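Please open the structure in your viewer and keep the sequence panel in view. The stops below proceed from the whole chain to a single side chain.

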Amino acid sequence: QAEDIGEDFKFSGLKYLEPPFWLTWISCMCTYIAIINSIVVGDSMLQKRFGFDEIVAGYLFTIPYIVAAVLSPILGYLVDKFGQRMTVTITGSAIMIIAHVFQLLIVPLDCTLDSPCYISVVPLILLGMSYTAYAVVLWGSLPYMVEARTLGTAFGICTVFQNLGTAVAPPILGYIQNQTRETNDGYTYVEFFFIAISILSFIAIMCAN
């Protein structure tokens with residue numbers, strides 16, 4: 001059986017990858033854009049939009065990673081025990097949308113630059129939860145989504161999607177921010193971008209189900 005498992009990337013293996021696989025990893029790429037790149041700009045956003053000083057912002061923008069570190073083994077165990085991998089992934093995608101919508105609406109609701117806006121921690125926690133669903137459940141589901149002989153090819157494609165998303169997004173975010181600095185230093189429209197990407201991720205994972 002071990003001889004049947006493909007460990008290397010092969011272009012010939014692409015023909016064996018079915019539409020649900022491609023839709024799932026389009027969703028994954030969008031998720032990494034909406035979470036990883038959100039964390040990247042999170043430090044400056046916490047300072048300029050939510051009123052934190054540089055030191056506190058440096059601590060707070062690591063919250064999604066801390067949440068993921070705590071929840072990953074717990075969620076991994078629960079999924080192994082009870083299944084429902086796709087349900088967990090869809091839920092994680094929905095949480096991501098909620099997180100970015102909440103982050104967009106915080107300033108009009110609660111915050112001024114005269115005092116730090118601690119409610120901005122909530123969307124960071126939600127992003128950590130969403131990240132956990134994808135990092136644990138989706139990667140762990142890959143062997144169930146493709147034939148064993150195409151597993152190496154599938155992992156290679158997934159890595160391409162992940163890196164492509166995180167590489168392409170920063171120039172786009174920089175352009176959006178530079179063009180819209182008159183509105184909350186451009187972060188309002190950056191959040192609109194993240195919301196649109198999160199919705200695309202949700203649609204893709206729903207169609208893959």
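This tour names what to select at each stop and states what is found there.

The model is predicted: local features require pLDDT of at least 70, side-chain atom pairs count only at pLDDT 80 or more, and totals for chains, interfaces and linings use all residues. Residues are numbered from 1 along each chain as its sequence is written, and side-chain values use heavy atoms, with hydrogens and water left out.

Select the protein chain first. Eight helices and zero strands are present (DSSP runs: H or I of at least four residues for helices, E of at least two for strands, numbered from the N terminus). Of the 209 residues, 47% are buried (under 20% relative accessible area; exposed is over 50%, and partly exposed lies in between, with a 1.4 Å probe and protein chains only). Among contacts (heavy atoms within 4.5 Å) between residues at least 6 apart in sequence, 80% join residues at least 24 apart.

Next, select helix α1, residues 19-40. Of its 22 residues, 16 are buried.

Then move to helix α4, residues 63-82, and select isoleucine 74 within it.

Key
The expected span of a helix is 1.5 Å times one less than its number of residues.
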